[in-house]
Amino acid sequence: MATAVTHKDVTIGSIEDGERVVRELRPGWGDITRKVFDEGISNKLYGYRETQSPDRSDMILLRVYGNNTELLVDRKQELETHGKLHAMGIASPVYCTVKNGYLYGYVDGDILTTTSVRDEHVARLMARAMAAMHCKVAASGSPIIFDKLTNWMDNIPEEFTDKKFTSLRKFMPNRESIRVELDAILSKIRSLSDPEVVFCHNDLLLANIIYNKVTDTISFIDYEYGGTNHRSFDLGNHFNEYAGVETVDYTLYPDESYQKWWIREYLEEYHQRKGLGAVTTTAVDHLYAEANFFALASHLWWGVWAVIQALNSDIDFDFGDYARMRFEEYLKQKDRFFNLI
C-alpha cells in the first residue's frame, strides 16, 4: 500500500519557491544546484540536488502542473498511481505535494532520442520493459480511452476560429469533424473480440523513457496519463513517438519489418511472464495489426489534447500546429491502418 504523502500548503511560482520546499525536505543539504528541464510540454519541471554530492540520483524533482491541465489529467489519480507504482518498485518515491504540483525522486539515466530508440539493444530492452509493465501492474476498470477522449472533446470549441488553429483548419475545420473520426475509431475498438486490456503508461514518448547505461536498464517516468487501456495503444503510441516532438518527422515511423521484430521481442517477454506458449507468427501479425490501428487512435488522442493545450497552456510550444500535425498524419494513414483489424 502506498505511504501517505506530506502536503505543503504553498503554491510554486518559480524555481526559487521550489528550493524553499526542498530545503524543508533536506535540511542537511548545503548549496543546492537547480536545473530546469525543458523536454516536457504538459508541466514545468525543476530539479534540485546538493551541489557537492556526486550522485545525481539524489536529485529531487518538482513538477509544477501546467495551466488548466486538470482538464486533461486527474491529479488525484496520478498521485495514487505514482504511489502504487513506487510501492511495486517501478516508479520513484513521492516526497510531498504542494498546491500546484508535487516533489518526487529522480530516475538516473538518459532520455531516448530518435536515434537511440532505434539502437537494437535499447529497443529490445524497451520492448521487454513495456511487456513487463503490462504484466506486473494490475489493471482495473474499463479502458480509459473512451471516457478520456469523450471528456476532452467537451473542452474544445465548436469552431476553430482562434488564430492558433489556422493550420489545423485545413485538416479538421471544427469539433464536429474530429467527432466523426473519433466515433469511427471508438466504434471499431468496441467491436474488437479479443483485445488485451492491461495497465498502460499511455504516454511513452521518448522523453518519458530513461536508459541507464550503468545498470543497462530501461525505466519509464511520468505516469500522469497511466491507466487501464488496450495494450496495443501503448505499442502504437510508442511507434508514433519515433517521429519526435520538438521536430516531428513521421518518415521515422518504423516500418513493418522493424515493428514485427520489436513486437516479437515484446511477446517473448509477455508470454514468458504470463506462462503462455511459444510466440507464433500469427500472434506477431495480429499484434502488428492492432498496434498500427491504435496508432491512429493515438493521433486522435494527442490531437485533441493539443487543441486543449493550445487554449490553456502557458508553455512555449506551438500546440495548435502540433494538433495539425497529429490530425494530418491521422488522415494520411487512416486508409492504410483502419481496416487492418
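Nonpolar residues here are Ala, Val, Leu, Ile, Met, Phe, Trp, Tyr, Cys and Pro; charged ones are Asp, Glu, Lys and Arg; the others, Gly among them, count as polar. With those classes, the lining of the largest pocket divides into 24 nonpolar, 8 polar and 13 charged residues. The structure is a predicted model.

**The largest pocket**

This pocket has a volume of about 820 Å³. Its lining has 45 residues, and the closest to the centre are Glu 39, Gly 40, Leu 45, Ala 207 and Asp 222. Several elements each give two or more residues to this lining: strand 2, strand 3, strand 4, strand 6 (101-105), strand 7 (110-111) and helix 8 (281-312).

**The second largest pocket**

Here the volume is about 440 Å³. The lining is made of 24 residues, with Asp 74, Gln 77, Ile 144, Lys 148 and Gly 226 nearest the centre. Helix 2 (75-87), helix 4 (144-153) and strand 11 (227-230) are the elements that give two or more residues to the lining of the second largest pocket. Helix 4 gives the largest share, 5 residues.

| Pocket | Volume | Lining by class |
|---|---|---|
| Largest | about 820 Å³ | 24 nonpolar, 8 polar, 13 charged residues |

**Strands 2, 3 and 4**

Three of the strands that line the largest pocket also pair with one another, as follows. Strand 2 (residues 32-37) pairs with strand 3 in the antiparallel sense, over 6 bridges. The two form a hairpin, with 6 residues between them. Across this pairing, Thr 33 stands opposite Arg 49 in strand 3.

Strand 3 (residues 44-50) also has a partner in strand 4 (residues 60-64). These two run antiparallel, and 5 bridges join them. Gly 47 stands opposite Leu 61 in strand 4. Strand 3 is mostly covered: 5 of its 7 residues are buried. In a regular strand, side chains alternate between the two faces of the sheet.

**Two aspartates with positive phi**

Asp 216 has a phi near 55°, a positive value in a residue other than glycine. Asp 216 sits in the loop between strand 9 (209-212) and strand 10 (217-220). Asp 222 also has a positive phi, of about 60°, although it is not a glycine. Its place is the loop between strand 10 and strand 11.

Buried or exposed: how does Asp 222 count? Asp 222 has a relative accessible area of 18%, so it is buried. The cut-off for buried is under 20%. Asp 216 has a relative accessible area of 30%, so it is partly exposed. Asp 222 is also one of the residues closest to the centre of the largest pocket.

**Cysteines**

How many disulfides are there? The count comes to 0. A disulfide needs a pair of cysteine sulfur atoms within 2.5 Å. Cys 200 has 0% relative accessibility, so it counts as buried. Cys 96 is buried too, at 0% relative accessibility.

Terms used: Residues numbered from 1 in each chain as written. Predicted model: local features only at pLDDT ≥ 70, side-chain atom pairs only at ≥ 80, totals over all residues. Heavy atoms only, no water. Buried < 20%, exposed > 50% of the residue type's maximum accessible area, 1.4 Å probe, protein only. Helix = DSSP H or I, 4+ residues; strand = E, 2+ residues; numbered from the N terminus. Pairing = 2+ DSSP bridges. 1 Å grid on protein atoms, 1.4 Å probe; cavity = no way out; pocket = protein on both sides within 12 Å on 5 of 7 lines; lining within 4 Å. Points joined across faces, edges and corners; volume = space filled by probe spheres on them.
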